[in-house]
Structures are given as C-alpha cells and as structure tokens.
Amino acid sequence: MPVKVKIDRSKCVVAHFCLFYAPTVFIPGDGGKPVISPEYASGGMEEGYVPEELYDQVKEAERHCPSRAIKVYRE
Ligand code: SF4
C-alpha cells in the first residue's frame, strides 16, 4: 500500500526535525523549508509517495514536526 506524504509549507516553521528523521525524503528547499526529494515527489514538491520501508521514518517526522505541517497516511 503506498505511503502518501504531504508537507504544508505555509505552516512550516523551519525547525528541521523532518530532515533529521527522514533525511532521504525531506530535503531543504527555498528559504530552508523542506520539500519532498525528487525521488519521491509526485504532483509537486509538497507531496509524494514513499516505499513502505520508509514509513517509520516519515511517521517520526510527522510526530516531531512542531507545526504539524507534515501528514503521512496510507492510501
Ligand atoms: S519539522 Fe515541520 S516545521 Fe520543521 S522543517 Fe519540517 S515541516 Fe517544517
């Protein structure tokens, strides 16, 4: 089942926990705000799909994001 990841960059406060917990998925973009890395992005830089083996990492990023800018769910 694909794991969908979304970042709401308008909510992001550039705390960079996401880059720490899932460094292959979240990379710094404009102004240091993260984007989904090109490898996983789909339909823009703010959303994409990651393989199941990265689920725990992106869930940790979601849990630690202080502004709740990250959403992770299975489709
Ligand atoms: S953890 Fe949340 S607030 Fe921090 S950089 Fe990532 S998306 Fe932005």
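His16 counts as partly exposed, because 15 C-beta neighbours lie inside 10 Å of its own C-beta; here a residue is buried if 20 or more other C-beta atoms lie within 10 Å of its own, exposed if 12 or fewer, and partly exposed in between, with C-beta atoms placed from the backbone. His16 is found in the loop between β1 and α1, where helices (H or I, at least four residues) and strands (E, at least two) are DSSP runs numbered from the N terminus. This is a predicted model, in which local features need pLDDT of at least 70 and side-chain atom pairs count only at pLDDT 80 or more, while totals for chains, interfaces and linings use all residues. Residues are numbered from 1 along each chain as its sequence is written.

**Overall architecture**

- The secondary structure of the protein chain comes to two helices and five strands, and from the N terminus on these elements follow the order β-α-β-β-β-α-β.
- The protein chain has a radius of gyration of 11 Å, which agrees with the value near 11 Å that a compact globule of 75 residues would have; the radius is taken over C-alpha atoms, and the globule rule is 2.2 Å times the number of residues to the power 0.38.
- Along its principal axes, the C-alpha trace of the protein chain spans about 30 × 25 × 20 Å, and buried residues make up 27% of the 75 residues.
- Of the contacts in the protein chain between residues at least 6 apart in sequence, 59% join residues at least 24 apart, a contact being a pair of residues whose C-beta atoms, placed from the backbone, lie within 7 Å.

**Helix α2 and its packing**

- In helix α2, which covers residues 55-64, the buried residues are Val58, Ala61 and Glu62.
- Seen down the axis of α2, these buried residues fall within an arc of 100 degrees, so they line one face of the helix; the arc is that of the directions from the helix axis to the C-beta atoms.
- On the other side of α2, Asp56 and Arg63 are exposed.
- The buried residues of α2 pack against α1 (17-21) and against the strands β1 (3-7), β2 (26-28), β4 (47-50) and β5 (70-74).

**The largest nonpolar core**

- The largest nonpolar core has 17 residues, of which Val5, Cys18, Ala22, Val25, Val58, Ala61 and Ile70 touch the most other members; such a core is a set of buried Ala, Val, Leu, Ile, Met, Phe, Trp, Tyr and Cys residues joined through C-beta atoms within 7 Å.
- Two or more residues of this core come from each of β1, α1, α2 and β5, and the largest share, three residues, comes from β1.
- Ala22 is found in the loop between α1 and β2, and with 27 C-beta neighbours inside 10 Å this residue counts as buried.
- Not counting residues up to four places away in sequence, Ala22 touches Leu54, Gln57, Val58 and Ala61; the C-alpha atoms of Ala22 and Val58 are separated by 5.7 Å, although the two residues are 36 residues apart along the chain.
- Val25, leaving aside its neighbours within four places in sequence, is in contact with Val5, Ile36, Ser37, Tyr40, Val50, Leu54, Gln57 and Val58.

**Surroundings of the ligand**

- There are 14 residues around the ligand, and Cys12, Ala15, Phe17, Cys18 and Cys65 come nearest; a residue is near a molecule if its C-beta atom, placed from the backbone, lies within 6 Å of it.
- The shell around the ligand divides into twelve nonpolar residues, two polar and no charged, where Ala, Val, Leu, Ile, Met, Phe, Trp, Tyr, Cys and Pro count as nonpolar, Asp, Glu, Lys and Arg as charged, and the others, Gly among them, as polar.
- Phe20 lies in helix α1 and is partly exposed, with 13 other C-beta atoms within 10 Å; Phe20 and Cys65 are 45 residues apart in sequence and 11 Å apart in space, C-alpha to C-alpha.

**Loops and backbone angles**

- Most residues other than glycine have a negative phi.
- Phi of His16 is near 70 degrees, a positive value in a residue other than glycine.
- Arg68, in the loop between α2 and β5, is not a glycine either and has a positive phi of about 50 degrees; with 11 C-beta neighbours inside 10 Å, Arg68 counts as exposed.
- Gly44 has its place in the loop between β3 (34-36) and β4 and counts as exposed, with 11 C-beta neighbours inside 10 Å.
- The C-alpha atoms of Gly44 and His16 are separated by 20 Å, the two residues being 28 residues apart along the chain.

Terms used. Contact = placed C-beta atoms within 7 Å.
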